[in-house]
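Me: I've just opened this one and want to get my bearings. Start with the terms, then take my questions as they come.

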Amino acid sequence: MTKSDALPDLSAWVALRGNRPPRALNLLFWMAVLTTLLMFGVGFLSGGVAELREMDPLLIGYVVASVVGLVLSCALWPFLPWSPRTSWAGRTATVFFLLLSLGTMFISNHTTFLLVCVAAMNAVAVFGVAGLLGYAVLLIVFSMTAILLPGLPLLVGVALAIGLTMLALLSGSVYVALLVSAQRAEHTRELLREVARAHEELRRHADRVRELTVAEERARMSREMHDSTGHYLTALTISLSNALRFRTARPEDAWTEVEQARELAREALTDTRRWVRALRPLRLEGRAGTAAMRAMAESFSGGGVRIDFTETGSWPHLPEEAELVCYRTLQEGLTNAMRHSGADRIEVEVEAAPESVSVTVTDNGAGAGDDALRSGFGLRGLRERVSAVAGSVSVDSPTDGGFRLRVEVPSETGAAGRPATVAAGGGL
């Protein structure tokens with residue numbers, strides 16, 4: 001449905017406006033007044049004055065009183081209260097308006113009906129259900145009296161009383177429904193405001209968590225770089241200092257120190273480049289999924305270490321957090337294998353299925369002890385990330401050497417109802 005085909009919003013016509021009536025009710029009142037004036041105008045133009053002279057004086061008095069009541073109702077209408085929390089002056093104005101509405105019965109039937117509707121709603125607005133019932137009693141008494149005094153049949157009075165009473169009760173019920181609807185609408189708006197505030201609070205909390213996560217990752221990376229690159233730079237400084245000290249007395253030793261310093265600088269450069277590559281975003285140069293994982297593995301190649309990358313299955317639709325966990329798992333496994341294990345071969349296996357994705361990094365190095373399995377090699381932070389996406393972690397260091405890290409994360413279709421689990425061959 002296009003915007004032009006949508007239904008217009010009519011809620012403003014029935015909405016309560018504080019101490020003022022709804023627009024529809026205001027329109028109803030002035031329509032009653034306008035149609036009455038038009039009726040009298042047409043009647044006088046068509047010879048109604050002559051008919052009025054021939055009428056019974058009592059009926060003429062009724063008509064005049066009704067017209068005066070209508071005029072007073074028009075004057076009183078802008079000042080009527082529409083809330084139970086009103087002053088005694090406002091309540092008095094409502095009572096006076098209710099009595100005036102009873103005096104319009106001899107103007108015309110439609111005027112009486114419309115004013116009864118409006119008066120019943122005002123009675124409910126100011127005095128509640130008790131006011132509506134009281135007004136219904138007044139309608140019965142007044143309509144019966146107005147019929148019996150001129151000598152009209154009793155059945156006419158009964159029919160008029162029943163009709164006006166039912167009309168008043170129905171109008172009051174409609175107003176009560178509007179009032180309840182307005183209260184529920186206000187409650188709904190308040191709930192929506194609370195939801196919006198909660199959403200904003202959650203967004204701020206998520207931003208704060210993200211900032212803390214980034215700060216923690218930067219602190220870990222700075223420590224790792226300090227231990228690796230800092231070591232190379234320290235050794236490089238010592239070699240250059242020795243070369244400067246040996247340059248005259250022992251030139252051969254000086255050149256040896258220079259050669260060693262060049263080798264240290266090359267290793268430091270290689271290590272720095274590896275860190276820069278590891279800090280690239282998940283979607284490397286427009287690649288995602290296994291393509292990004294393969295590019296990540298290739299960035300670690302070199303330095304006498306062989307990295308074999310194998311993949312199976314089709315990459316499912318992973319949440320962004322789960323995809324980032326896969327990327328960080330590969331980064332963590334490759335970094336640990338190359339820096340700590342002394343391995344010359346690393347195997348990376350990425351197994352994709354519709355329900356999950358698993359990443360396994362296995363090396364043939366020296367392995368790891370129980371302490372490292374429990375908390376070393378950055379596994380503590382990795383465990384928290386995997387748990388956050390309802391995944392599982394397992395680590396294993398066989399007795400004959402080597403180290404294996406395996407992480408499995410569920411896809412969006414496989415995450416429903418799956419609890420977060422953490423497993424470890426030697427404890428994590």
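Reply: Terms first. Two strands pair if DSSP finds at least two bridges between them. Strands (E, at least two residues) and helices (H or I, at least four) are DSSP runs, numbered from the N terminus.

Me: And the ground rules?

Reply: This is a predicted model: local features need pLDDT of at least 70, side-chain atom pairs count only at pLDDT 80 or more, and totals for chains, interfaces and linings use all residues. Residues are numbered from 1 along each chain as its sequence is written, and side-chain values use heavy atoms, with hydrogens and water left out.

Me: How many helices and strands in the protein chain?

Reply: The chain has 12 helices and 5 strands.

Me: What order do the strands take in the sheet?

Reply: The order is 1-2-3-5-4, in an open sheet with mixed pairing. Strand 1 and strand 4 are the edges, each pairing on one side only. From one strand to the next, the twist averages 10°. Angles here run from 0 to 180 degrees between N-to-C directions; axes are lines fitted to C-alpha atoms, for helices over the stretch in contact.

Me: In which sense do strand 3 and strand 5 pair?

Reply: Antiparallel, over 8 bridges. Threonine 362 has arginine 404 in strand 5 as its bridge partner.

Me: How many bridges join strand 4 to strand 5?

Reply: There are 5, and these two strands also run antiparallel. Valine 393 has its bridge partner in strand 5 too, at valine 407.

Me: How many residues of strand 4 are buried?

Reply: 4 of its 5 residues are buried, so strand 4 is largely enclosed by the rest of the structure. Buried means under 20% relative accessible area, exposed over 50%, and partly exposed in between (1.4 Å probe, protein chains only).

Me: And how much of the chain is buried?

Reply: Buried residues make up 37% of the 428 residues.

Me: Which helices lie across the sheet strands?

Reply: Helix 9 lies across strand 1, strand 2 and strand 3, at about 175° to strand 1. Helix 12 lies across strand 4 and strand 5, at about 20° to strand 5.

Me: Stay with helix 9. How many of its residues are buried?

Reply: 7 of its 10, so to speak "mostly covered". The buried ones include Met293, Met296 and Ala297.

Me: How does helix 9 sit against helix 10?

Reply: Their axes come within 10 Å and cross at roughly 20°. That makes helix 9 roughly parallel to helix 10. The cut-offs: under 35 degrees is roughly parallel, over 145 roughly antiparallel, 65 to 115 roughly perpendicular, and the rest oblique.

Me: Which residues make that contact?

Reply: Met293, Met296 and Ala297 of helix 9, with Cys326, Tyr327, Leu330, Gln331 and Leu334 of helix 10. Contact means heavy atoms within 4.5 Å.

Me: Now the inside. How many residues are in the largest nonpolar core?

Reply: It has 33, and Leu334, Ile346 and Val409 have the most contacts inside it. Helix 10 gives the most, with 8 residues. A nonpolar core is a set of buried Ala, Val, Leu, Ile, Met, Phe, Trp, Tyr and Cys residues joined through side-chain atoms within 4.5 Å.

Me: What does isoleucine 346 touch?

Reply: Among its contacts are Val305, Ile307, Leu334, Ala337, Met338 and Val361, leaving out residues up to four places away in sequence.

Me: Where's the other core?

Reply: A second, separate core of 28 residues includes Trp77, Leu115, Val116 and Leu139.

Me: Switching to alanines. Is alanine 268 buried or exposed?

Reply: Alanine 268 is buried, at 8% relative accessible area. This residue lies in helix 8. Its C-alpha is 5.6 Å from that of threonine 229, 39 residues away along the chain.

Me: What about alanine 265?

Reply: Alanine 265 is partly exposed, at 34%. It is found in helix 8, residues 251–278. Tyrosine 232 is 33 residues apart from alanine 265 in sequence, and 7.1 Å in space, C-alpha to C-alpha.

Me: Last one. Where is alanine 390?

Reply: Alanine 390 is in the loop between helix 12 and strand 4. Its phi is near 60°, a positive value in a residue other than glycine. At 15% relative accessibility, alanine 390 counts as buried.
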